[in-house]
Amino acid sequence: KPELIAAVAGGGLGLHGVCPVYIADCYGIVGWDDASKSNVELMEKGCGQEFGKVGGAGGEGVVVVAFRGDGHKPTTPDGSGGLAGAGLHMLVTGGDVPAPSTAGAIYGGVAKGCYKLEHSGDLVRVQQFAVSSPGAVVTSFEGDATEAATAALAKAGAKPAAAGYFPCFCRGINKYGKDGVEPEAFAAAGLDGTRLFGMFAQGEFGPPQGEPMACQVDGAKPMEVSKGSMISVLSLYSK
């Protein structure tokens, strides 16, 4: 429940009042598991069966990601605008039309709902939230995950500090019959030890499929939001 996550973020993790805190209630999560020393997937039980898929295996968890530094700008835009100028915007929406970009590419996806934890401790529903960053390499793909990660890593030129990952919930176990296939493929491509953060989405945002896109704030131009279906979007953030 978002309220439980808010309590953990505000109390157990000590984030309340330190930085803006946004929460996505989603269909499944992807993140680093300290126990297994690997990235794992957890998808809501039965998710995808409405489309004739096997359905998620279930499980509960929370992925926490913190962006540090003045170069990262958090916002709560809406369909009419509100994004900061940047090289790349990670955007999560509760179903609304994503904010247009005046400068920089957009990646992310559609969740069940989006929330902001106010300084008062109140949990407020928002249309969408975004974290805009100076730059990263982002790629959208439908085919081989190893090839996509290899190409993105080559474009980045160095192993990233972390990677954002937003697959459709009809991928994962619903595509491969088991959890963790694409995170394992990323590791085999050279991203072993790189911590993923993200969620299974019901609609994914990213650049057109093909060549990975190197996004930089310098010279960033307005870009149309591309919404995919049954794709995965991977973004590599440099150290």
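## Tyr22 and Phe129

Tyr22 counts as buried, because its relative accessibility is 17% (buried means under 20% relative accessible area with a 1.4 Å probe, protein chains only; exposed is over 50%, partly exposed in between). Phe129 has a relative accessible area of 7%, so Phe129 is buried as well. The model is predicted, with local features needing pLDDT of at least 70, side-chain atom pairs pLDDT 80 or more, and totals for chains, interfaces and linings using all residues. Residues are numbered from 1 along each chain as its sequence is written, and side-chain values use heavy atoms, without hydrogens and water.

A search of the whole structure gives ten aromatic pairs (ring centres of Phe, Tyr or Trp, the last by its six-membered ring, within 6.5 Å; planes under 30 degrees apart are stacked, over 60 edge-to-face, the rest tilted). Tyr22 and Phe129 are stacked, because their ring centres are 5.2 Å apart and their planes lie at 10 degrees.

## Tyr107 and Phe166

The rings of Tyr107 and Phe166 pair edge-to-face, with 5.6 Å from centre to centre and 85 degrees between the planes. Tyr107 lies in strand β6 (residues 105-110) and Phe166 in strand β11 (residues 162-167), 59 residues apart, and the pair links distant parts of the chain. Both Tyr107 and Phe166 are buried.

## The aromatic cluster

Tyr107 and Phe166 also belong to one aromatic cluster, together with Phe67, Phe197 and Tyr237.

How values were computed:
Helix = DSSP H or I, 4+ residues; strand = E, 2+ residues; numbered from the N terminus.
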